Amino acid sequence: MKQILLIGNPNCGKTTLFNRITGLNQKTSNLPGTTVEAYKGKINIQGEDYQIIDLPGIYSLFSNTEYEQVVNTHLLGHSAGKPNLVVFVLDASNLRRNLLLYSQVAELGIPSAGILTMTDTANRRNITTNIPHISKELGIPINGVNPRKDKNITSVLDIIKEAKTPKQISTNPGFKERLELSLSGKKVKGSSEETLRRYADIDSVIKRLNDGNGIRSHFNTAKIDRYVTHPVWGLGIFLLIMLALFQGVFSLADPPMGWIEHGFAFVKDQIPDGGYLGSFIRNGVISGLEGVIVFIPQIFILFFLIGMLEDSGYMVRASFLSDRLMRKLGLNGRSIIPLVGGFACAIPSIMATRSIRNKKERLATMLVVPLMSCSARIPVYVLLISLVIPTGTFWGPLPAQTTLMTAAYFSGIFVAIIFSLIYKFLGRTYEVSEFVLELPTYQAPRFQTVLQSAWLKCRSFIKEAGSIILIISMILWGLSNFGPSEDMNRIEAESIALSTGIDDPREQQEAKERYANALTLEYSYAGQMGKYIEPAIEPLGYDWKTGIALISSFAAREVFVGTMSTLFQTNEENVVGIRAKMQTQINPKTGEPLYGIAYAISLILFYAFALQCVSTMAVLKKETGTWKYSINLFMLYGFIAYVSAYIAYQLLT
Amino acid sequence: MHEITDLKSGDLQDRLAEMGCVPGTLIKKLYAAPGGDPIAYQVDHYILGLRRLEADYIEVKVAEEISL
């Protein structure tokens, strides 16, 4: 099967074109040695099958980030043999800058065709776009298309049948050697001189295409930007958008999460009671699956909304707006996108830091992303807050529950700020910190593209976290159902003895099981672990039951809720049931309620800071190439979680 | 409206050159982020956000506004 490489600048409409041509018929593949994904799809052009690869959008083959490396690897045939064909996606409104990459790739002599996009924008800015002229200058067939609007787009690549070797609009001796050198990660000498020479050659092409090189003084995007980047309006708009984002996620994700919970409850009911197999399938496998799937609505909706903002061009403005502040924290304006994404799920957000060119800034961003309160913390926060604060309570003018929830989010942000400052002063780098960011023309976001990118992010969550959550869930099932045999035998005897007084055989069976379940957990290996760590967590206000829940949270933080429900012998995993049980518990030492406000706040802080997510640690390892950061972060954030929970508990009691 | 006359050599020379900030290119300051940094410029036909330090690499001369 022939291979087509799709090449172009960022924001040229390349990925939109790719998505529309291939639909959902695409796969991602990681290249060896890199973490950048290239998207592959299959298309049929006039009866012949082609594999089409969407490479990352870049400006030049020479800047040494993983994106350029991936493009070079494909072009030079180091990954999967020499490419057969290249399709250039050229932005008509920015033809001059787009031709730089063209002129570089043209020197490799691969048969090519071109797709010219953004001709409407170009016309609005008085840039003439004469496709036959451009085609003649570049020596390749060119089709004009608007990937966002045009309805009939599938036949646009038919042009590949007439692909020709492109005309070298600029010839630079030693170019291929420099390219090979740059692929090996070395700083290439003479590349800026080469770029200047290329632009001189490009300018003569542009001159022949369009005499007036003037630039119009106003365009709509710049007019919008005056408000969006305004010191007062701009910040106001940013805060409003963020508020709408979170409100939207909470209200939109609630119904589908309810459906998923009901669906799983129904499935669990179908499995016959009794026996280890049924219990294993119900509480080990299905609960594990539920733990993965229940987050998809929130993650999907948040990434969908962020995707809408990205596709419209707004997120780049948010980067522009926040760069000064971010730089003071040792981060970069580009960090804002992964940081906002961190509120959904740290896994795709850590991957999204790849656009930050400076390694130190990228690492610092990856290290603080897990401090953003992700969606797995929400059920824990909700349970704890509703446990100690009745609905409708007000602290002065503030609704108490919402205030505490907001405070939980902000405590994570606060610690993230402190740690980014620490990383700023600890880390060393000889790399220059840079912003240099194109602010693309505002565009109505394309629904299909955004849906697809949100789905791909969910898929990375399922791929990275899914198997880990499932495996840990199964291990936990084992740990909480088995224990030292003398304890287990004693429980069996006791539960039979205790339930003998009940007349109704069904009730008797249920009472026996309930009793056995709770005691089994208490004396199981997990329970013994909870009791073993109890002295360590007692100063934080936690009992051994909380200890078990803390340990089981390593699968995913929300497992806390399910574990507590098992411990308190409630059959339903709903907040109301567990809450009622928890509220009646009395601390034997003080006579006060065991799970009071000090307990709740201490535990919220613990969950806000601790890196209790094996999947995040695994992704961090993947992206940095070493376990060092995952392990250090686990201990460091664990320590901060412990200390702040300790201080909070001691101050409040 | 200004025209770029020179691009200083240094760490960011390559990066600015590939973004089209080369001698002969027209450039115009558009607006700044809160605090005056970074600043958005119109370079050729697109908008480029640059930090002050990055813009210092670019030397310019006054150019006539060409209206079409």
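Guide: Let's start with contacts, meaning residue pairs whose C-beta atoms, placed from the backbone, lie within 7 Å. Among those in chain A between residues at least 6 apart in sequence, 73% join residues at least 24 apart. Bear in mind that this is a predicted model: local features need pLDDT of at least 70, side-chain atom pairs count only at pLDDT 80 or more, and totals for chains, interfaces and linings use all residues. Residues are numbered from 1 along each chain as its sequence is written, while chains are lettered from A and ligands numbered from 1 in the order in which they are written.

Chain A has 27 helices and 10 strands; these are DSSP runs numbered from the N terminus, H or I of at least four residues for helices and E of at least two for strands. Of its 653 residues, 46% count as buried. Buried means 20 or more other C-beta atoms within 10 Å of a residue's own, exposed means 12 or fewer, and partly exposed is in between, again with C-beta atoms placed from the backbone.

Now the close look, at α9(A), which covers residues 233–270. Its partner is α10(A), residues 275–293, and the two axes come within 10 Å and cross at roughly 165 degrees. Those axes are lines fitted to C-alpha atoms, for helices over the stretch in contact, with angles running from 0 to 180 degrees between N-to-C directions. That angle makes the pair roughly antiparallel: the label applies over 145 degrees, with under 35 roughly parallel, 65 to 115 roughly perpendicular and the rest oblique. On the α9(A) side the contact is made by I260(A), F264(A), V267(A) and K268(A); α10(A) brings R282(A), I286(A), E290(A) and I293(A). As for that spacing, an α-helix has 3.6 residues a turn, so residues three or four places apart point the same way. The crossing of α9(A) past α10(A) is right-handed, meaning the near helix is turned clockwise from the far one by less than a right angle, and left-handed if anticlockwise.

There's also chain B to consider. The contact between the chains takes 42 residues from chain A and 35 residues from chain B. α9(A) is one of the elements giving two or more residues to chain A's side, along with others including α8 (220–228) and α12 (314–328). The largest share of that side, 6 residues, comes from α7(A).

Definitions and conventions. Two residues are in contact if their C-beta atoms, placed from the backbone, lie within 7 Å.
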